[in-house]
Amino acid sequence: MNKHPTISRSTLHESTRHDSGPKHVSGSAEYIDDMIEPAGTMHAYLALSTKPHAEIVAIDYAAVKAAPGVIGVLTAEDIPGENDVSPSHKHDEPIFAAGKVHFWGQPLFAVIAETRDQARRAAHLAKVEYKDLPFALDVRAAQAAGGQLVTEPLKLERGDVAAGFEKSPRRVKGSVTIGGQDHFYLEGQIAMAVPGEDEDVTVFSSTQHPSEVQLMVAHVLNIQQHAVTVNVRRMGGGFGGKETQGNLFAAVAAVAAKKWNRACKIRPDRDGDMTATGKRHDFVVDYDVGYDETGKIRAVNAVYGARAGFSSDLSGPVTDRALFHADNAYWYPAVRVRSEPLYTNTVSNTAFRGFGGPQGMMAAERWIEDIAYDLGCDPLDIRKANFYGTDSENVTPYHQVVEDNIVHRVVDELEQSSDYQARRKAILEYNAGSAILKKGIALTPVKFGISFTATWYNQAGALVHVYKDGSIHLSHGGTEMGQGLYIKVAQVLADAFCVGLDAIKIMATSTGKVPNTSATAASSGSDLNGMAAWDAARQIKARLVTHAAKLYQCDEAAVEFVPGGIQAGEQFVEFAELIASAYLNRVQLSAAGFYQTPKIHWDRATGRGHPFYYFAYGASVSEVTIDTLTGEYVVDRVDILHDVGRSLNPAIDIGQVEGGFVQGMGWLTTEELVWDDKGQLRTKAPSTYKIPVASDVPPIFNVRLAEWSVNKEPTIGRSKAVGEPPFMLAMSVVEALSMAVASVADYKIAPRLDTPVTPERVLMGCERLKREARG
Ligand code: MTE
Ligand code: HPA
Ligand code: MOS
């Protein structure tokens, strides 16, 4: 009997560094703009509208065409297929404005030139004549103008809402404004298209959704999908901003490449990117909530108005998901919530980490706070009083039963480990004795539904090749944007074959390898692609088992994959040797894997179903100090306990929790989008749009995974999705600021801070509360 060779044990569930980590930090990770350009590559630059809503009377391109280096101008007329990249297939998103512009910054045409600089300079030389039309920029203006919607709204209803209000001894009504957010991915939008023979074109796109870019490019070129190959090695961040927003850039590059039969690259400047691409939806939620003296909610009625922008894009599913999280972790005996995805003359808003969920939850946390301040108690007590039960009081507004509720344990453990109660007491004492500086502390929970609510997206494919030397090629439909999907799926495959990670080559994502993929989104990348890769391995392994049983003359049941190879009865065979013999015996060493999420269904028309496979949970405690004279503040300490089921890779997951929290904190505190009264976005560069930097990370930042948690569903390794849920942990920062502000009026008045809670809002909040307290 051969001895097992020494081989690294399985890395599944182990902290394993990001496959590109050393390349990220040394600068050798290749992004599209780093790629060697094919000889003769042209460069495209977009000309953007300078009106929020207008008819285009005429465009004079003479100066553009005469500018140095200009090869040509690309307009709507140059598009062989349809001038549209609407991901919802509502035909409402032209590549180039046709006849009308709907927002300031809408692409009018593209200049194609020998260099990027030449294209950029020439793009400003067109003379555009507009005829102004009336415009509405935000939720309230859109509602006042009649409330035109970009897509069908959703209503969720459960229980007898009228009776719930009748039975409610107390009631609170109000409105909360929740701001938007720019993705501020470090690598901006970019695409490079290389023309091939016949109708072929290869597109390198910074996209979370290669299959959709493929479809869009085919559509605008009026060719079949098989002629288009889209490749994505990695993105320098996506955060939802590359789920659909890459379509236009890829389409422009591809049309130019085919028109002139030369490669074409397009990369907007940061301010062009921020002006012309969609962001997180800001919302105004009007609410009416009935409750009793113990703080238990009896009825909720709310309307979620969202600034959708000029086209539908993903506003339907985003506003749906807002409603799906109108409950956060709370049970409403009676509830009616409605969405309004409003047409506005602003850029079309899109997916952003949490996908409407964060906005939905922020509203829930607002009325929890209102109730707490009305009853004069710690908001944490109101939160606990309303948590979903485990066996009863567990039906969501969309009629799905919460079967995996662990919010009580997560919150209890965090309350203990963060020493919440003692710290809150100390803070109340501190505030009583501190005239100018005030502190606040808050604990907020998160419950986030995992699965695409568009049920058919919950599928994935993988393609695995084992070469004759035992090395393995791994392709799957997921894209890498920094979140660590590639390493997780490689870990799954290494674990399945019992080989080391170095045996596995992680291939760039390509539509030529795995077809008809879903966007890497909804936090489902590792759930879906991990399972698909596992399924491919399963098929190859089954063939190897049959082969080994024959070769080594034992029962198939006696063949087992062990570290470094297989055990076939008494015989140990190294993996490479096994593969070599399998090849000679004509065993197929390649397989396509597939996965579809079980259990889920959803009927949008009735607002009923089981849209989520499971829920991910978490909780955070934030402590802040504010200066009541200036509104300035610091986040002093943050404690987090987050549920990722059985982690596939704790180091990656903790990185996702930390990054998600800090990005959420940016959204809720310093990142403010400001449009002027002419409709122009004024915060379109880091000088005016403040994202968190390293020094904004809380000095005390205790992040733990709920190590005891195991997914009740048979997900890959019993893990849970991690990408989005931690984003919403940042809500505790808002509520801690809220407590600090409330202290100026002895916690008797609800502070009702809208987000982002900028220092200005903190200051104005303090001033308002002081004024109201004086009477
Ligand atoms: N983490 C990094 N570093 N960069 C990103 O762009 N996107 C987030 C999250 N974490 C993102 C990220 C979003 S919006 C989603 S939906 C998930 O990652 C997508 O990846 P996953 O499904 O593999 O978790
Ligand atoms: N989440 C993220 N992206 C999506 C979804 C979703 O639920 N649906 C469609 N795209
Ligand atoms: Mo994430 S917003 O689902 O890309």
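Okay, let's start at ligand 1: one of its oxygen atoms sits 2.7 Å from a polar backbone atom of glycine 525. I'm calling that a polar contact, meaning a pair of N or O atoms within 3.5 Å; within protein, one must be able to donate a hydrogen and the other to accept it, and residues adjacent in sequence count only if both atoms are side-chain atoms.

Before I go on, this is a predicted model, where local features need pLDDT of at least 70 and side-chain atom pairs count only at pLDDT 80 or more, while totals for chains, interfaces and linings use all residues. Residues are numbered from 1 along each chain as its sequence is written, chains are lettered from A and ligands numbered from 1 in the order in which they are written, and side-chain values use heavy atoms, with hydrogens and water left out.

Back to ligand 1. A backbone N or O atom of glycine 238 is 2.7 Å from an oxygen of the ligand, and a polar backbone atom of serine 524 is 3.2 Å from a ligand oxygen. On its own, ligand 1 exposes 520 Å², and the protein buries 92% of that; areas are Shrake-Rupley with a 1.4 Å probe, and for residues, only the protein chains shown count as cover. The shell has 18 residues, with Gly238, Phe239, Met481, Gly525 and Gln656 the closest; being near means a heavy atom within 4 Å. By class, that's five nonpolar, eleven polar and two charged. Here Ala, Val, Leu, Ile, Met, Phe, Trp, Tyr, Cys and Pro are nonpolar, Asp, Glu, Lys and Arg are charged, and the others, Gly among them, are polar.

So what surrounds ligand 2? Glu243, Arg321, Phe355, Phe452, Thr453, Tyr457, Ala521 and Ala522 do. Look at the side chain of glutamate 243: one of its N or O atoms is 2.6 Å from a ligand 2 nitrogen. For arginine 321, a side-chain N or O atom is 3.3 Å from an oxygen of ligand 2.

Now the helices, which are DSSP runs of H or I, at least four residues, numbered from the N terminus. H17 (residues 650-669) packs on H18 (residues 731-742) at about 45°. In H17, Phe661, Met665, Leu668 and Thr669 meet Met731, Ser732, Val733, Val734 and Leu737 in H18, with contact meaning heavy atoms within 4.5 Å.

Threonine 755 and proline 756 are joined by a cis peptide bond, omega about 0°. Asparagine 222 isn't a glycine, yet has a positive phi of about 60°.

Terms used
Axes are lines fitted to C-alpha atoms, for helices over the stretch in contact, and angles run from 0 to 180 degrees between N-to-C directions. Helices (H or I, at least four residues) and strands (E, at least two) are DSSP runs, numbered from the N terminus.
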